[in-house]
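This report examines how one protein model is packed. Please look at the sequence and the structure shown below before reading on.

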Amino acid sequence: MNHSITVEIDQGSGFCFGVTTAIKKAEEELAAGKTLYCLGDIVHNGMEVERLHEHGLVTINHDQLKELHDVKVLLRAHGEPPETYAIARRNRIEIIDATCPVVLALQRRIKTQYEKHPDAQMVIFGKNGHAEVLGLVGQTNGKAIVIEKFEDAMRLDFTRDIYLYSQTTKSLDEFHRIIDYLQEHISPGATFRSFDTICRQVANRMPNIAAFAARHDLILFVCGKKSSNGKVLFNECQGVNPNSHLIESADEIRTEWLQGVSTVGICGATSTPKWLMEECKNKLEEL
């Protein structure tokens, strides 16, 4: 390649504070040479999970948790349902709770509302089966209704009270569309209330990443396949700049993408480590 390319890493990309805290807590425990288990992937990024495994972190699932006794288990930023804490108490497991404060506040709000209004429809705009959503649904004894997209909102019972919440990493625009629809369709005798529980640290990345994507000829969006937030942000990049590629690691970079390109922007999700974006930058400089 004979022409020079400038490469910029988006400063706004990378771990949100919830993830940063969880990883710091894990590293502190591991540095003390203690065995530490983590319930589920500490972050939705295979490369970072691998790095921490090499330092001795052991990832377990909920079935394995039930078999463990007298150990330390880290709860990641996504949060957990009450059932998880009950198992830990029974099995004398010491919990290192790294639930994100934004998620924790949301869990408490849902629990309080559900206890006050057990007959209302507690609705969560979020991804079915997502770790954070499971923790939220758990606050309502499994009664909450999860809606994944705008169309799902049409199937709610408008003659009954509706309390609407959102998974912290969902799109603000779509959430507002759902609110408007429910406000228009709720029966006169029923109550509708919505609680904006979307994390601003995540929501603010949307306009920022769009501006970043518009500035470059080529966008490399680095992120794990499991990241919900990554999908949302990548779509935002692609909408602004069709020459955007989603990659998990530097190995996936193709030389042909660089044809006729003079600026490359590297960005990622709230689960993308800075070191991984740096590796992609180094790989580009080699190419």
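## A residue and its core

Ile178 touches Phe125, Ile147, Lys149, Phe150, Ala153 and Leu164, leaving aside residues up to four places away in sequence; contact means heavy atoms within 4.5 Å. This is a predicted model, in which local features need pLDDT of at least 70 and side-chain atom pairs count only at pLDDT 80 or more, while totals for chains, interfaces and linings use all residues. Residues are numbered from 1 along each chain as its sequence is written, and side-chain values use heavy atoms, with hydrogens and water left out.

Ile178 is also among the residues with the most contacts inside the largest nonpolar core, which has 19 residues. A nonpolar core is a set of buried Ala, Val, Leu, Ile, Met, Phe, Trp, Tyr and Cys residues joined through side-chain atoms within 4.5 Å. Helix 8 provides the largest share of this core, five residues.

## One face of helix 10

In helix 10 (residues 205–214), the buried residues are Arg205, Met206, Ile209, Ala210, Phe212 and Ala213. Viewed down the helix axis, these buried residues fall within an arc of 165°, so they line one face of helix 10; the arc is that of the directions from the helix axis to the C-beta atoms. The face turned away from the buried side carries the exposed residues Asn208 and Ala214. Buried means under 20% relative accessible area, exposed over 50%, and partly exposed in between (1.4 Å probe, protein chains only). Helices (H or I, at least four residues) and strands (E, at least two) are DSSP runs, numbered from the N terminus.
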